[in-house]
Amino acid sequence: MKTTTKTTTASAKTTSSLAGKAHRLQEILSGYQSVLVAFSGGVDSAYLAIAAQQAVGPRALAVTADSPSYPDVHRRLALSIARDFGFTHEMIHTDELQRPEYRANPANRCYYCKDELYSRLAAIAEERGFAVVVDGNNADDRGDYRPGRQAAREHGVRSPLDEADLTKDEIRALAMAAGLNSWNEPASACLSSRIPYGHAVTPEVLRQIEQAESLVRDLGFRVFRVRHHDQGSQGVLARLEIARAEMARALEPDINARLIAALKGLGYQYVSLDLQGYRLGSLNEALPLRPVS
């Protein structure tokens, strides 16, 4: 009985803490008066867009940046969420691929992408009178290597989820409570994140990666990445990072044969399965240092 009581008390405290953070988020957003949300369709920015609508109503605008590095599956998800929740939503086109610094794919590639995005959003906010631009960074992102945070600081972008001390798991819980069907969707990232640093980002490679991931998704895999390794004259390798819980299925003879045939059909000479499984930011493992952004 004592154990049950302690468990119930702990659960109540967790619920109370989460409610307090959600309330704090509403206070932050309400204090802006009007807000422009950088909305990718991922659970963080989706919940932020929902919360902004609750806080300031029609004075909130969600904007999605469309470019060759933005997966179509995320584009469709963003449009679906905006339609389901009825918040004001616009798509804009960004031109990060026109920037030679971005195409060169240095370790701080994300800086140039976010600089392009936030420049565009800041211009829209100024033109239309939105008080602040916000993004979906959360408390769990603080220790990760995210060069885009520098661009956010330079453009005065705020991160209210982080300011409210909300973690990814807490955001998922709040998103589920809000009725967001995609509350448990895997973390998303732009297609360029599949290309090792120093290898050029091109529209052709991005399309190949997107087609590859679409085929893997069609085979029923949920949490994965197709990492694209151009080995010059030796050909191009598709390195599959698949969640450990799904890895055994990738080795089933029929599924394995279909994976290999599908990816080779897209022009990959080699297909490998990474035994470490899927993990966020695996290409950062090759960096000599991972500075805190």
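Let me start at a hairpin. β5 and β6 form it, with five residues between them. In the turn, glycine 232 has a positive phi of about 65°. Helices (H or I, at least four residues) and strands (E, at least two) are DSSP runs, numbered from the N terminus.

A word on the source. This is a predicted model, in which local features need pLDDT of at least 70 and side-chain atom pairs count only at pLDDT 80 or more, while totals for chains, interfaces and linings use all residues. Residues are numbered from 1 along each chain as its sequence is written, and side-chain values use heavy atoms, with hydrogens and water left out.

β5 and β6 are antiparallel, over seven bridges. Two strands count as paired if DSSP finds at least two bridges between them. Phenylalanine 224 stands opposite isoleucine 242 in β6. Arginine 227 stands opposite arginine 239, also in β6.

Buried means under 20% relative accessible area, exposed means over 50%, and partly exposed lies in between (1.4 Å probe, protein chains only).

Axes here are lines fitted to C-alpha atoms, for helices over the stretch in contact, and angles run from 0 to 180 degrees between N-to-C directions. Contact means heavy atoms within 4.5 Å.

Now the other sheet. Four strands form an open sheet in the order β3-β2-β1-β4, and the pairing is parallel. β3 (89-93) and β4 are the edge strands, each pairing on one side only. Here neighbouring strands are turned by 30° against each other on average, direction ignored. Four bridges join β1 to β2. Valine 35 has alanine 60 in β2 as its bridge partner. Helix α2 (residues 43-56) packs on this sheet, touching β1, β2 and β4, at about 165° to the direction of β1. α5 packs on the sheet too, and touches β1, β2, β3 and β4. The direction of α5 makes about 130° with that of β3.

Next, the cores. A nonpolar core is a set of buried Ala, Val, Leu, Ile, Met, Phe, Trp, Tyr and Cys residues joined through side-chain atoms within 4.5 Å. Which residues have the most contacts inside the largest one? They are Leu36, Leu121, Phe221, Leu259 and Tyr268, in a core of 42 residues. Elements giving two or more residues to this core include β1 (35-38), β2 (60-66), α9 (203-218) and β5 (224-230). α5 gives the most, with eight residues. Apart from this core lies another, of 35 residues, among them Val37, Phe39, Ala46 and Val132. Take phenylalanine 221 on its own. Leaving aside neighbours within four places in sequence, its contacts include Val216, Ile242, Arg249 and Leu259.

A few local spots. Most residues other than glycine have a negative phi. Glutamine 33 has a positive one, near 75°, and sits in the loop between α1 (2-32) and β1. Aspartate 165 also has a positive phi, about 65°. Aspartate 165 is in the loop between α7 (160-163) and α8, and is partly exposed at 35% relative accessible area. Then comes helix α8 (residues 168-177), whose buried residues include Lys168, Glu170 and Arg172. Glycine 179 follows α8, with a positive phi near 90°.

Finally, the whole chain. How many helices and strands does the secondary structure come to? Eleven helices and seven strands. Of the 293 residues, 47% count as buried. The C-alpha trace spans about 60 × 55 × 40 Å along its principal axes.
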